[in-house]
Amino acid sequence: MTPTNGRPPAGDAAGGGQAGAGGGTVEERPTIVDSPADGQPGNESEAGPGPAQRDTVAAVVRQWRAVHPGLDTGPMEVIGRINRCAALLQQAEDAPLRRAGLSRPEFDLLGALRRTGHELTPGELARETFSSGAAVTKRLKHLTERGLVERRGDTRDRRVAHLRLTDTGRDLVDGILPEQLSYETAVLSVLTPEGQGELATLLADLLSGLEGRMGPLRA
């Protein structure tokens, strides 16, 4: 599951925690709701509400059900939770990428240069990271100023630039990747290994379907 800055750039936030399908921004809703709205049936068992009934998206869904009881709010329960999880991971103060002053999209650029093992043009980086050209240009400017990436002009076409990691950039990627993976392992520890595998498969199916129908996201 990205980067950076002590505070990530507003343009790199992952979805802002929206509930989806008109569900509103999650941060604007109550963070904990112990029981359904008055007069609304709850899904809780006698043993008490499960995790799916006490997270912030569940509160949003209950509110929409009270307003529009005839609508199927099921999609909100999926899209809203994906957006909320992405936003929380981006905002985590203890994430290694945040401590390194990187946003997830910035680290993805560095990672693309490291894992491919050769120079890339800005256009190739955009394709590798599913980003827009404008976003790549902005991120490369920041990474170049930090001395993590350097550019070389094309000998045949001065309009073309070739990007590569500096020694400092390569050392940063190699040093932070194990730490970031350990952090993400800890984040996912709330799920069993089997649950993680099932979730990965479901998300892969969803992503494959979306990319086939809508094309890669250009952030």
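**Terms and their grounds**

Visitor: Why is Ser131 called buried?
Guide: Ser131 has a relative accessibility of 6%, and buried means under 20% relative accessible area, with exposed over 50% and partly exposed in between (1.4 Å probe, protein chains only). Ser131 therefore counts as buried. Please note that this is a predicted model, in which local features need pLDDT of at least 70 and side-chain atom pairs count only at pLDDT 80 or more, while totals for chains, interfaces and linings use all residues. Residues are numbered from 1 along each chain as its sequence is written, and side-chain values use heavy atoms, with hydrogens and water left out.

Visitor: Where is Ser131 placed?
Guide: Ser131 is in the loop between α6 (122-129) and α7 (133-145). Helices (H or I, at least four residues) and strands (E, at least two) are DSSP runs, numbered from the N terminus. The protein has nine helices and two strands.

Visitor: What makes the pair Ser131 and Arg139 a polar contact?
Guide: Their side chains are joined at 3.1 Å. A polar contact is a pair of N or O atoms within 3.5 Å; within protein, one must be able to donate a hydrogen and the other to accept it, and residues adjacent in sequence count only if both atoms are side-chain atoms.

Visitor: What makes the meeting of Arg81 and Asp55 a salt bridge?
Guide: The N to O distance between their side chains is 2.5 Å. A salt bridge requires a side-chain nitrogen of Lys or Arg within 4 Å of a carboxyl oxygen of Asp or Glu, and a search of the whole structure finds 13 salt bridges. Asp55, Arg65, Glu77 and Arg81 are linked in a network of them.

Visitor: Why is Asp55 called partly exposed?
Guide: The relative accessibility of Asp55 is 24%, so Asp55 counts as partly exposed.

Visitor: Which residues of α2 and α3 meet?
Guide: Among them are Trp64 and Arg65 in α2, and Glu77 and Arg81 in α3; contact means heavy atoms within 4.5 Å. The axes of α2 and α3 come within 9 Å and cross at roughly 145°. Axes are lines fitted to C-alpha atoms, for helices over the stretch in contact, and angles run from 0 to 180 degrees between N-to-C directions.

Visitor: How do you know that Arg152 and Glu119 form a salt bridge?
Guide: The closest N and O atoms of Arg152 and Glu119 are 2.6 Å apart. Arg152 lies in strand β1 (residues 149-153) and Glu119 in the loop between α5 (104-116) and α6, so the pair ties together parts 33 residues apart in sequence.

Visitor: Is Val149 buried or exposed?
Guide: Val149, in strand β1, has a relative accessible area of 3% and is therefore buried. Leaving aside neighbours within four places in sequence, Val149 is in contact with residues including Leu110, Leu140 and Leu163. The C-alpha atoms of Val149 and Leu163 are separated by 6.7 Å.
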